[in-house]
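Subject: Structure handover

Hello,

Here is the structure for you to take over. My notes on what turned up follow below it.

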Amino acid sequence: MPTFAIAPSPRRRRLAWSGALFLAFDALLISVVIVWITGGQHLGLAAAFFAVGVLVSGLLAAVVARPPKVQLDKGVLQVEAGFQQLKLPISEARLRRIDLRDWPEAKRPATMGAPRWWQSGDAMGWQRDRDGQRWFAILPGLLPAVQVESSDGERLLLCPTDPEAFIAALRRAGAREA
């Protein structure tokens, strides 16, 4: 069962860990308030609250910043990104290479349009195009990508770190290039 690496989204990772740092700082402030209100009698409670805050924020950031997983198993491409999953049969799939920098602004997912400081500027998970058709995206930025369209109409658009190896593996599984 080959697993494929996906180009990482550094901005998503940076935002997740920045949020974790903010939550840990918030837990520290609440711990200080606990010590101040109780007059120093509940130092253990304050320390425990801070430790739990740091642990929870770190775990949350690790989950949010987790890279997508793409595996090929028994003719099915299994994709997991951002708590969402897609299983795509490859036997009659069509492959197409796309350079997202050449895509018109109107075809790009809205989250990739003009990222703000709180947006990651990528597209992970289910998207809808202007015609209302759903497709699954793993796009960490405006990079070269591969579009996989299965015979049942499901579409996947992703940016593997090694597109040639990805396409070769899908061809071996029965996909054809469009």
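A residue counts as exposed when its relative accessible area is over 50%, and as buried when that area is under 20%. Please keep in mind that this is a predicted model.

With that cut-off, K74 is exposed, because its relative accessible area is 78%. K74 sits in the loop between β2 (69–73) and β3 (76–81). Its phi deserves a look: the angle is near 55 degrees, a positive value in a residue that is not glycine.

**The four-stranded sheet**

β2 and β3 belong to an open sheet of four strands, ordered β1-β2-β3-β4, with antiparallel pairing. Its edge strands are β1 (3–4) and β4 (84–89), each of which pairs on one side only. β1 and β2 run antiparallel and are joined by two bridges. T3 stands opposite Q71 of β2.

**The six-stranded sheet**

Another open sheet has six strands, in the order β6-β7-β9-β8-β5-β10. Here the pairing is mixed. β6 (123–128) and β10 (176–177) are the edge strands, and each pairs on one side only. Helix α3 (residues 163–172) packs on this sheet. The helix touches β5, β8 (144–149), β9 (155–158) and β10. Its direction makes about 170 degrees with that of β5.

How many bridges join β5 to β10? There are two, and the strands run parallel. β5 covers residues 94–99. R94 stands opposite R176 in β10.

**Two buried residues**

S150 lies in the loop between β8 and β9. Is S150 buried or exposed? Its relative accessibility is 1%, so S150 counts as buried, the cut-off being under 20%. Leaving aside neighbours within four places in sequence, S150 is in contact with L88, P89 and A93.

Q127 lies in strand β6. Q127 is also buried, because its relative accessible area of 15% falls under 20%. Which residues does Q127 touch, not counting those up to four places away in sequence? They are P109, Q133, R134, W135 and A137.

**Pockets**

The largest pocket has a volume of about 200 Å³. Its lining is made up of R96, W103, A106, K107, D129, R130, D131, W135, Q147, R155 and L157. By type, the lining divides into six charged residues, four nonpolar and one polar. W135 comes up in both places: it lines this pocket and it touches Q127.

The second largest pocket has a volume of about 170 Å³. It is lined by 15 residues, and the closest to its centre are R12, V64, A65, R66 and P67. Helices α1 (10–38) and α2 (43–64) each supply at least two residues of that lining. This lining divides into ten nonpolar residues, three charged and two polar.

**Where to start**

I would open the view at K74, with its positive phi.

Best wishes

Note on methods. Residues numbered from 1 in each chain as written. Predicted model: local features only at pLDDT ≥ 70, side-chain atom pairs only at ≥ 80, totals over all residues. Heavy atoms only, no water. Buried < 20%, exposed > 50% of the residue type's maximum accessible area, 1.4 Å probe, protein only. Pairing = 2+ DSSP bridges. Contact = heavy atoms within 4.5 Å. Axes fitted to C-alpha atoms, helices over the stretch in contact; angles between N-to-C directions. 1 Å grid on protein atoms, 1.4 Å probe; cavity = no way out; pocket = protein on both sides within 12 Å on 5 of 7 lines; lining within 4 Å. Points joined across faces, edges and corners; volume = space filled by probe spheres on them. Nonpolar A, V, L, I, M, F, W, Y, C, P; charged D, E, K, R; others polar.
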